[in-house]
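User: I would like to learn how to read the fold and the pockets of a protein model. Please take me through one.

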Amino acid sequence: MRDAFCPWNAGRHRLRGDGAAVCEPTTAPADLRLDVAEPGAAFLGGTTLAALGEAGRVEELRPGVLARTSAAFRGDREPWYPGGWAFPLY
């Protein structure tokens, strides 16, 4: 993972979601190549890692991993914010 804003976060990390989400540094070969912004965008919703991959923002290094990881980041509900003229920010 690349992180231009906080370069000390760059490197390879393993994400696991078997009951509780865990993110830890690893020396294992990478399955995906991406910037820190991509998992953040997918986690917040409104886009998927698969869509970001189609846009060239996520590179799949092991076939099949992008689809599974993208599905793992999806939530049950789409993001929604009632902001705007009817619900101004406070």
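This is a predicted model: local features need pLDDT of at least 70, side-chain atom pairs count only at pLDDT 80 or more; totals for chains, interfaces and linings use all residues.

User: How many helices and strands does the protein have?

Analyst: Helices (H or I, at least four residues) and strands (E, at least two) are DSSP runs, numbered from the N terminus. Here there are three helices and four strands, in the order β-β-β-α-α-β-α.

User: What share of the residues is buried?

Analyst: Buried means under 20% relative accessible area, exposed over 50%, and partly exposed in between (1.4 Å probe, protein chains only). Of 90 residues, 17% are buried. C6 is buried at 17% relative accessible area, while C23 is partly exposed at 48%.

User: How many disulfides are there?

Analyst: A disulfide is a pair of cysteine sulfur atoms within 2.5 Å. The structure has zero.

User: Which residues lie nearest the centre of the largest pocket?

Analyst: Rolling a probe the size of a water molecule over the atoms shows where empty space is left. On a 1 Å grid over the protein atoms alone, a pocket is an open set of points where a 1.4 Å probe fits, with protein on both sides within 12 Å along at least five of seven lines; lining residues have an atom within 4 Å of a point. Of the 30 lining residues, H13, R14, L15, T69 and F73 lie nearest the centre. Strand 1 (13-16) and helix 3 (65-73) are among the elements that each supply at least two lining residues.

Conventions:
Residues are numbered from 1 along each chain as its sequence is written. Side-chain values use heavy atoms; hydrogens and water are left out.
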